[in-house]
Amino acid sequence: IIDLQTLHIHLDDWILPRSQRRINSIVEERTQVQLYPRIIENLLSGESVLAPGYDPASRELIDPFEYRINQEKIVILDGILSCHEIISDNLDFTIYVD
């Protein structure tokens, strides 16, 4: 048995709460995709990243969550735009699940 430690990062934790969105915002704005490169850069450099936290039921903020790569050899980015072109050069594999 191979034990591969994995860090699962929920990019939805960065979705803007409904109360902070502009009317008719597009998905890239709501998911704050412009933050993704910095999130990856910080994690890969050993820094922790604080996600604001998002509750899909209420569409508002919940408790923040801290992500940090410790001993993990695999990092999974999970979210609707986790394969977005803005970060695609930093990804080893992409998987789409419908």
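L43 is a handy way in: leaving out residues up to four places away in sequence, L43 touches I9, V49, Y67, R68 and I69, where contact means heavy atoms within 4.5 Å. This is a predicted model, so local features need pLDDT of at least 70 and side-chain atom pairs count only at pLDDT 80 or more, while totals for chains, interfaces and linings use all residues. Residues are numbered from 1 along each chain as its sequence is written, and side-chain values use heavy atoms, with hydrogens and water left out.

L43 also turns up in the largest nonpolar core, among the residues with the most contacts inside it, alongside I9, W14, Y36 and Y67. Such a core is a set of buried (under 20% relative accessible area, 1.4 Å probe, protein chains only) Ala, Val, Leu, Ile, Met, Phe, Trp, Tyr and Cys residues joined through side-chain atoms within 4.5 Å. This core has 16 residues, with β1 (6-10), α2 and β2 (49-51) each supplying at least two; α2 gives the most, with 4.

Now for the largest pocket, with a volume of about 770 Å³. The lining has 24 residues, and V75, I76, L77, L91 and F93 lie nearest the centre. α2 (36-44) and β4 (74-78) each give two or more residues to the lining, and β4 gives the most, with 5. Here's the lining by class:

| Class | Lining residues |
|---|---|
| Nonpolar | 16 residues |
| Polar | 4 residues |

As for confidence, pLDDT (the predictor's confidence in each residue, from 0 to 100) averages 94 over the protein, and 99% of the residues score at least 70.

Definitions and conventions. 1 Å grid on protein atoms, 1.4 Å probe; cavity = no way out; pocket = protein on both sides within 12 Å on 5 of 7 lines; lining within 4 Å. Points joined across faces, edges and corners; volume = space filled by probe spheres on them. Nonpolar A, V, L, I, M, F, W, Y, C, P; charged D, E, K, R; others polar. Buried < 20%, exposed > 50% of the residue type's maximum accessible area, 1.4 Å probe, protein only.
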